Amino acid sequence: MNEPLNALDLSYEEWIEACANKWSLPRYRADQLCQWIYEKKVFSVHEMTNLSKELRERLAYELLILPPILAAEETSKDGTRKFLWQLYDGERIETVFLSHGNHTTACLSSQAGCKLNCSFCATGQSGFARDLSAGEIVGQLLAMEKRLGANIGNVVFMGMGEPLLNREALFKAITILNSPKMRNMGARHITVSTAGIVPGILELAEFPVPVRLSVSLHAPNDALRNKLMPVNKKYPIGPLMDALKTYQQKTGERITVEYVMIRNVNDEPEHAYETAALFSGMGVYVNLIPYNPVTDRYQRSNPERIKVFSAALSRLGIENEIRKEKGTDINAACGQLRRREQGN
Ligand code: SAH
């Protein structure tokens, strides 16, 4: 018997190759299989009614279609939904569904846990388990779309983990999502968010699918950023800014900057000035995110402070917006649901 294949890990080229060489099937069978999985969200070969019974029986043993298993789900008053998934080895990851009118977004995880240990983040506090495979990344979207009974318009890699520390799987997952014969999601609808992994940003600048880039800055100088984000010791602000400039030159893209507002830590007007100085002359859009308290160490900035910060940035020519909070009543900040279910 042939070794079974893990369907969600296959790129379109790998589908074609498996159909030709493993199963001696014509190319259109690859298209049919992809259509069942990516368009119709059918994960059982037995339900693929345009394949002969004989072929279905054969593929049932040679093709594993394994989206993650739902372990917990919560729905917020504002329509935000949070899913906790269990993987084959018992690891658990989170995905969030956000809806703003007819604009919908899936916030996907790229790793089970995270290595970066940002001092304000819930995911960092429960440690790193492992990288996700391309199929486990894509599977989060498919499983969620199947549950919702509808396609989701956008994907952001702002769930658990650092996507640019799992580049091989991330890039493959993006290629699968983007492929016209597979999920067919436009590159402009996919955003990679990074804590500032310099070699990853440079690789993304060369990546053929022009996805959007978002950078979690949170502090405009090394002394403060080192305290909040230990990754800054490896990739300080200077080299990070150089990488962002290279990315912008190569892609012509505007970069989104995430800035979590933490009371009396990074929310002084001088931090706004420093931030503006960093990005002067670049095309950026700053998202100011009220901190979602997940540790006793930090509190959210008060709303007046956030408004002053935002106004200061605007006056200094930096476009910005205060992010409307979503799903705070259901622990929608990344890492929170997993932590509660594990009791740590
Ligand atoms: N590692 C990537 C993606 C995962 S985190 C990155 O750092 O960008 C996604 C975003 O949520 C990041 O901007 C992160 O800093 C932010 N975040 C983490 N914990 C948060 C919290 N408690 N409240 C608000 N935002 C938080």
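Which of the 18 residues around the ligand come nearest? They are Glu162, Ser193, Ser216, His218 and Asn292, where a residue is near the ligand if one of its heavy atoms lies within 4 Å of it. The model is predicted, so local features need pLDDT of at least 70 and side-chain atom pairs count only at pLDDT 80 or more, whereas totals for chains, interfaces and linings use all residues. Residues are numbered from 1 along each chain as its sequence is written, and side-chain values use heavy atoms, with hydrogens and water left out.

**Ligand contacts**
- A side-chain N or O atom of His218 is 2.5 Å from an oxygen atom of the ligand, a polar contact being a pair of N or O atoms within 3.5 Å.
- For Ser216, the distance from a side-chain N or O atom to a ligand oxygen is 2.6 Å.
- Asn292 contributes a polar backbone atom, 2.8 Å from a nitrogen atom of the ligand.
- On its own the ligand has 530 Å² of accessible area, of which the protein covers 91% (Shrake-Rupley method, 1.4 Å probe).

**Ligand shell**
- Strands S10 (190–194) and S12 (255–261) each supply at least two shell residues; strands are DSSP runs of E with at least two residues, and helices are runs of H or I with at least four, numbered from the N terminus.
- The shell comprises nine nonpolar, seven polar and two charged residues, with Gly counted as polar and Tyr, Cys and Pro among the nonpolar residues.

**Helix pair H7 and H10**
- The axes of H7 (residues 198–206) and H10 (residues 237–251), lines fitted to C-alpha atoms over the stretch in contact, come within 9 Å and cross at roughly 5 degrees.
- H7 and H10 are therefore roughly parallel, the class for angles under 35 degrees.
- Residues in contact (heavy atoms within 4.5 Å) include Ile201 and Leu202 of H7 and Leu240 and Tyr247 of H10.

How values were computed: Polar contact = N/O pair within 3.5 Å; in protein donor to acceptor, adjacent residues only side chain to side chain. Axes fitted to C-alpha atoms, helices over the stretch in contact; angles between N-to-C directions. Parallel < 35°, antiparallel > 145°, perpendicular 65-115°, else oblique.
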